[in-house]
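Hi everyone, thanks for coming. Let me walk you through a structure that may be new to you, one contact at a time.

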Amino acid sequence: MNRIFGMALAAGMGLAALVAPAAQAETIRVGTTCTYFPFNFKDSDGNLSGYDVDVAKEVVKRIGAEVEFVCQAWDGLIPAILSEKFDLIVASMSITPDRMKKLDFSVPYRISEGRLIGRVDAEHKLFNEDGTPIVEAFDGLRLGLPRSSVYDRWTDAFLPEAEILGYDSPDSMYLDLQNGRVDLIFTNPMKAHLSFLSADGIEGFEFVSPAINDPEYFGTGAGIALRKGNEDLQARLDAALTEMREDGTLDEFSLRYFPFAIYPES
Amino acid sequence: MTFESSLILESLPRLMDGLWVTLRLFVLALTCGTVLAVGMVLLRISSRKYLSWPVMAYIYVFRGTPILVQLFVIYYGLPQLEFIRTGPLWPFFREPFFCAWFALTLNIGAYTTEIFRGGILGVNKGLLEASKALGMTYAQTFRKVTAPIAFKLCLPAYSNEMISVLKATALASTVTIFDVTGVARKIVAETFAPYEIFLSAAIIYLILAWIIQNGVRLLERRISRYAN
């Protein structure tokens, strides 16, 4: 009996040693989707990679902490950070007024804008010269967009009558555009350029809108989100990001994935 | 995190829009799936192998794979085939609702065929011998003796299947459909309040399940009113 008890105790202590924090350094848990090429994704070796991931690693390093990534589907990111599953969201999340009601954000580390993509041969004329949508032109067209995104909110506001299909991943959205299940998609132009428009075997699609970046919906850019009431952490993040912009680190990260810089000028 | 019960009330009207989609999907899939199962079970119980084996294969495939995978194969996989995308069926398979209905119907068909078969096998052999002794043909026996008794025997298992299907309709939200779950996910994304909103959605499903459960119980009581 005693022996069994002793063994159980030893096993319990072993487990405790496993789960106890190993290093003394502060560990910051970063939530991201891990599926959003080229911002946060697993490369062919299974390593987490991308612009968001590079920024997160560098920022956390500069504030003197250890980083630990947590993969979480997009629509669960905010509920998960609010219930303290992780401390930061670095997932190309735009800094919008709605989200700022629940969360604080760092200064932006990436621009945020959307564009529509459609078939070249459909010869879409959907926007006026001044960049506002021609509402009637959307009649009878089906629009695919990422569920619960800035694109979703903008469309609700400007095209309330449009027929919307909500997607969980950009890749299924591209697939449905090719298949003809949707006529248009509304998406991140940087990503679409890289993973769709310039991809092998993709022909006959083009951007059919100007860049849409109304700050009320698209915010001032994509930033790092954190729970409210962490002013100290926020200040450290801001300082690190500002430094990274000034010393060319953000430039370097942009150019790893894109032929151009993707962070805001000021 | 705080719990805002007012959000439950606020989200209900929008969830009702989703309820209509959920109900339509449920009723259409259940009806068509059940009709399919009636045909399939007749083939399944046949002693001719070339009739029963294809049905067994169909049941094996649809019971042995997750509905979500079936739905993805139908929704994302089929359009990859040139003849589907250019063929006469494309207007149907283009619709997310049709794809969800199609997957659920085939699934219900597979499960319900087995439920019906169980009921048919459960009919007392003595009754069948008695019918034969009375000079009834096989078809007459099936219509007047086997089917009604089997129907009664199947009801509890069938009501289980109905409730499973009701819950399976939530998978439609993964292929862009705004059913109760789809709408709930959209509202959660706007309010960042998963507890309140998903709880409201859960209550809607509970009410529907309650209606099904009690509807079947009433039916059961009615058809067994001469028993005992």
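Let's start inside chain B, where B:M40, B:L43 and B:R44 of α1(B) meet B:L51, B:S52, B:V55 and B:M56 of α2(B). In contact here means that the C-beta atoms, placed from the backbone, lie within 7 Å. By class, the residues of this contact are five nonpolar, one polar and one charged. Nonpolar covers Ala, Val, Leu, Ile, Met, Phe, Trp, Tyr, Cys and Pro; charged covers Asp, Glu, Lys and Arg; the others, Gly among them, are polar.

Before going on, please note that this is a predicted model: local features need pLDDT of at least 70, side-chain atom pairs count only at pLDDT 80 or more, and totals for chains, interfaces and linings use all residues. Residues are numbered from 1 along each chain as its sequence is written, while chains are lettered from A and ligands numbered from 1 in the order in which they are written.

Now, how do the two chains meet? The contact takes 14 residues from chain B and 17 residues from chain A. On the chain B side, the largest share is four residues from helix α9 (residues 180-191) of chain B; helices are DSSP runs of H or I with at least four residues, and strands are E runs of at least two, numbered from the N terminus. That side of chain B has eight nonpolar, two polar and four charged residues.

Finally, chain A: three strands form an open antiparallel sheet in the order β2-β3-β4. Strands pair if DSSP finds at least two bridges between them. In β4(A), A:S49 is the bridge partner of A:F41.

Methods:
Two residues are in contact if their C-beta atoms, placed from the backbone, lie within 7 Å.
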